[in-house]
Amino acid sequence: MLELRSITAGYDRRAPVMRGVDLTVAPGASVGLLGPSGCGKSTLARVAALLHKPDAGRVVIDGEAARGWRHRAPRAQRTAFGVVFQQPRLSADPRLTLTNLVAEPLRAAGRGSEAAERVRELAATVGLGEDLLGRRPHEVSDGQLQRACLARALVLRPRWLICDEMTAMLDASTTAALVHAVEEYRRESGAGLLAVGHDRVLLERWCERTVHWDELSAPLEVR
């Protein structure tokens, strides 16, 4: 179970973007978080993935409270998450080839020997041609780069996937392909999913349950 309990968070303690928010994702479940731009849903997604420390509240992962944030989180908790962000060019090191981009988490975890086989496997999973793997981000399209970013998110076989506006910048065919890849991974692994977005139709088709930001348990401050 992934539990966000009474989360208050933001970027200025005097003016948090949310107060006392609760959200739960069961193992193997898919939950969509729907809300307009700027409401705070991406901040909540970053809290869920241990990338942003809340001002108050707790994140509980499979019954264990989070014990750190970003690189200070224990490796077992940190690697339980795969995260795909809205803008692939802001989340990809422009110096890396796509092969090295996908393999980066494996090497950081001391598992570089698995990289070659795992990259080939995931390139096929996300529909990324092998001819693209030697290119750098500026040499591929947004859709191709986002496919690589999804492969990177899956490379450590996470138990939880956080997709924060993953398809917002993509065309319909690439959106469909990436959603299909996520669902195939979930079916095979039993991973839980939190998909954040503002497209109600997409989230309701994709996820078993969709929660609107306004339905969360506490009043929120929108900046």
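Tutor: Let's start with a term: contact means heavy atoms within 4.5 Å. This is a predicted model, where local features need pLDDT of at least 70, side-chain atom pairs count only at pLDDT 80 or more, and totals for chains, interfaces and linings use all residues. Residues are numbered from 1 along each chain as its sequence is written, and side-chain values use heavy atoms, with hydrogens and water left out.

Student: Okay, what share of the contacts in the chain with a separation of 6 or more comes from residues 24 or more positions apart?

Tutor: Those residues account for 71% of them.

Student: And what share of the residues is buried?

Tutor: Of the 223 residues, 52% are buried, meaning under 20% relative accessible area (1.4 Å probe, protein chains only).

Student: How far does the C-alpha trace span along its principal axes?

Tutor: About 50 × 35 × 30 Å.

Student: New topic: Ser30. Where does Ser30 lie?

Tutor: In strand β3, which covers residues 30-34. Strands here are DSSP runs of E, at least two residues long, numbered from the N terminus.

Student: Is Ser30 buried or exposed?

Tutor: Ser30 is buried, at a relative accessible area of 1%.

Student: Which residues does Ser30 touch?

Tutor: Leaving out residues up to four places away in sequence, Ser30 touches Arg186, Leu193, Trp206, Cys207, Glu208 and Arg209.

Student: Which side chain makes a polar contact with the side chain of Ser30?

Tutor: That of Arg186, at 3.4 Å. A polar contact is a pair of N or O atoms within 3.5 Å; within protein, one must be able to donate a hydrogen and the other to accept it, and residues adjacent in sequence count only if both atoms are side-chain atoms.

Terms used:
Helices (H or I, at least four residues) and strands (E, at least two) are DSSP runs, numbered from the N terminus. Buried means under 20% relative accessible area, exposed over 50%, partly exposed in between (1.4 Å probe, protein chains only).
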